[in-house]
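User: I have a model open and want to go through it with you. Can we start with the terms and then look at the parts?

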Amino acid sequence: MSVLSKELVQEIIAENDFKNPGEIISFLKEAFKDVLQEMLEAEMDVSLGYSRDESRHKITDNSRNGYSTKKLKSEFGPVQIDIPRDRKGEFEPKIVPKYKRDVSGIEDKVISLYARGMSTRDIHDQVKELYGIDISAEMVSKITERILPEIKEWQGRPLEAIYPFVFMDAIHYKVRTDGQIVNRAAYVVMGVDISGKKDILGIWIGENESSKFWLGVLNDLKNRGIEDVLIFCVDGLTGLKEAIAAAFPKSEIQRCIIHQLRNSFKYVSYKDLKAFSKDFKTVYTSPSEEIALNRFEYLKNKWGKDYPYAFKSWENNWEVLSPYYKFPEQIRKIIYTTNIIEGLHRQFRKVTKTKSVFPSDTSLEKMLYLASMNVIKKWTQRYRNWDQVMSQLMIMYDGRLDNYI
């Protein structure tokens, strides 16, 4: 956007002989009003297909029909303008849409502050201090409700036909429902597409984890266009393994190695933790599943008598831990941990830390959506060495990617 030339500014100053900043604001307010009015007149010309001085040559039976007065809130204070009308009532101004009376940009500022996790009290104080406008907690809620249709559209948008990697996890919050405080989980699904770019595929607010719940989420993803997923990377979420097997039977499931290690280490005494973790590193860095199993058995003989439960979880989950070993280093780096989604959860916690309890599921949904949009803006780079990753995947999953590249 261009700025006023120095010569024009000097001309404005000379013509108006400003004495103080207040007079400058008054001038800008009138200039704002005049520009807005002219833009409305131009919109009417376009809508009718002719200007006032071309009425003799019009090719429509519609015509101007006076004005209706409208008072607007603006960054320069209240401004009164005249909205042109047409006889058929077809004119829909875009610069000042029907029913809109606030053109100050305050609503966008409130949503931006809300997206950063500011409390309604802090939003009120900041808007009051900067703009002299009182915004109640109820008004903040009403303003942020503007984005609900946007959230619905985002949550139902079409997705890619195939994702090489999909990560799934949940983050928990307290929400007030029917006068009671209950636990709610935000189930987050992230995908990496064939170009190596990350995206949040959706967020679902629910109560208890179950195969039925996760199957509903996966069917939703299928209904939005996903035909195939090569590898699902998950934590040990209840019912998820069964749901994936039902919805995407060809997909592999890789349980997070880091979560599995944490789960094992909590059974180990602090005095042995350093030595135990060093030993266990030989298992999850093994070049093959066979070598990993041999090292696992060796460590079980060494530590199993003292810490049997540290090994039991590995044995029970080996089926969803072992796919990791058949992949090369570039792919292992992507799938051995769900830290990618935990990083997103850290961003969520930053903006939700002022909320010990959310007043509703909708309130939680709004804040997580806005936080997601801020995170996605920063995801501009694809995974490192992605060409090598895709080359490996095309060989390992022969034919599965061919129709999508």
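Predicted model: local features only at pLDDT ≥ 70, side-chain atom pairs only at ≥ 80, totals over all residues.

User: Fine. Is aspartate 178 buried or exposed?

Analyst: Aspartate 178 is exposed, at a relative accessible area of 79%. Its place is the loop between strand 3 (162–177) and strand 4 (180–192). Strands here are DSSP runs of E with at least two residues, helices are runs of H or I with at least four, and both are numbered from the N terminus.

User: What is phi of aspartate 178 near?

Analyst: Near 50°, which is a positive value in a residue other than glycine. Asparagine 385 also has a positive phi, near 60°, and is not glycine either. That asparagine 385 sits in the loop between helix 16 and helix 17, and it is partly exposed with a relative accessible area of 39%.

User: Let's back up to the whole thing. How many helices and strands does the protein have?

Analyst: There are 17 helices and seven strands. The radius of gyration is 30 Å, well over the 22 Å that the globule rule gives for 405 residues, so the protein is more spread out than a compact globule. That radius is taken over C-alpha atoms, and the globule rule is 2.2 Å times the number of residues to the power 0.38. Along the principal axes, the C-alpha trace spans about 95 × 50 × 50 Å.

User: How much of it counts as buried?

Analyst: 42% of the 405 residues. The accessible surface is about 23200 Å², and 50% of that belongs to carbon and sulfur atoms. Those areas come from the Shrake-Rupley method with a 1.4 Å probe; for residues, only the protein chains shown count as cover.

User: Helix 17 next. Which residues does leucine 393 touch?

Analyst: Leaving out residues up to four places away in sequence, leucine 393 touches Pro164, Phe165, Leu230, Ile331 and Leu401. Contact means heavy atoms within 4.5 Å. Leucine 393 lies in helix 17 (residues 386–396) and counts as buried, at 0% relative accessibility.

User: How far apart are leucine 393 and leucine 230?

Analyst: They are 163 residues apart in sequence and 8.6 Å apart in space, C-alpha to C-alpha. Across the protein, 63% of the contacts between residues at least 6 apart in sequence join residues at least 24 apart.

User: And glutamate 43, buried or exposed?

Analyst: Glutamate 43 counts as buried, at 19% relative accessibility. It lies in helix 2 (residues 21–48). With residues up to four places away in sequence not counted, glutamate 43 touches Phe91, Glu92, Pro93, Lys94 and Ile95.

User: Last topic, cavities. Which residues line the largest cavity?

Analyst: Ile151, Trp154, Gln155, Ile203, Ile205, Glu365, Leu368 and Tyr369 line it. A cavity is a set of points, on a 1 Å grid over the protein atoms alone, where a 1.4 Å probe fits but cannot get out, and lining residues have an atom within 4 Å of a point. Helix 6 (148–155), strand 5 (198–206) and helix 16 (361–376) each supply at least two residues of that lining.

Note on methods:
Residues numbered from 1 in each chain as written. Heavy atoms only, no water. 1 Å grid on protein atoms, 1.4 Å probe; cavity = no way out; pocket = protein on both sides within 12 Å on 5 of 7 lines; lining within 4 Å. Buried < 20%, exposed > 50% of the residue type's maximum accessible area, 1.4 Å probe, protein only.
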